[in-house]
Amino acid sequence: MSLKTEKISCGYNNKPLIEDVSFTIDKGEIVCLLGPNGVGKTTFFKTLQGFIPIISGNIYINDRDIKTIKRKELAHYIAYVPQTHGLTFDYSVYDTILMGRAAFTSKFSSPGKTDYAVCDEIIERLRIGHLKDKAITQISGGEQQLVMIARAMVQKPEIIMMDEPTSNLDYGNQALVLEQISQLANEGFGVLMITHSPDQALICADKVVLFNRNKQVSIGKPSEILTEENLRETYGIKVCFTTATQDDGSVLKSCVPCIARKGR
């Protein structure tokens, strides 16, 4: 399974924000989209989902042009995990997850035994069974994000796209969600996620797509793309890198903004 872009340009009213981008997401791979606000990350993201027409270039899923795939069939290949803040409907956690099976039911039919079995399987896998009868609005932000991931997983997609999956989460819940994202890749899902944190990409990404204000796009391994020079040029600030050794002996790289404070 792969999703491939071939020199795509995207934007609004035939005016490109992003031009001539080519890259591939393969099975079991995590790809992070990074860059400052206003450079076109979300536009690019929505174009890959088929919500915004391509200005030029092509998108392929398993070598099939995305323009030839109907919306309902596309849901069998790609699932979307939105940001969770602002949820207003008091659906139960179970019913929220069950909505992910819509691509497998006709307009006037109800979920069947298979749909419920798939939901039960994913709920058990994510260890959120204790939440299933609660209202989605009455659980924590981190729990809501796991529910959204579960809803995506029951679609049985091959690629899961996530829009800032740790947005508005506390530090512990951010780590919990990143751990689950890594597990998704281990299980063979391709994951494409927007993040504002270079550290998250350094922690879990196999590939990075870095958008600059001058429409330049850099694509490659995090260690190659997320350099002091590239981040300074992209965000307009100086950053410093540091490393830490984890319990298993592996070395983790992270970056922090270099901010001077008097008297320290």
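**Exercise 1.** Determine whether Cys-240 is buried, partly exposed or exposed.

*Solution.* The relative accessibility of Cys-240 is 32%. Buried means under 20% relative accessible area, exposed over 50%, and partly exposed in between (1.4 Å probe, protein chains only). Cys-240 therefore counts as partly exposed.

The model is predicted: local features need pLDDT of at least 70, side-chain atom pairs count only at pLDDT 80 or more, and totals for chains, interfaces and linings use all residues. Residues are numbered from 1 along each chain as its sequence is written, and side-chain values use heavy atoms, with hydrogens and water left out.

**Exercise 2.** Identify the disulfide in the structure and describe its geometry and setting.

*Solution.* A disulfide is a pair of cysteine sulfur atoms within 2.5 Å. A search of the whole structure returns one. Its partners are Cys-240 and Cys-258, with sulfur atoms 1.9 Å apart. The torsion about their S-S bond is about 130 degrees, so the disulfide is right-handed. Cys-240 belongs to strand β11 (residues 239-245), while Cys-258 lies in the segment after β12 (251-257), so the pair ties together parts that are 18 residues apart in sequence. Strands are DSSP runs (E, at least two residues), numbered from the N terminus. Cys-258, with a relative accessible area of 29%, is partly exposed.

Technical notes
Helix = DSSP H or I, 4+ residues; strand = E, 2+ residues; numbered from the N terminus.
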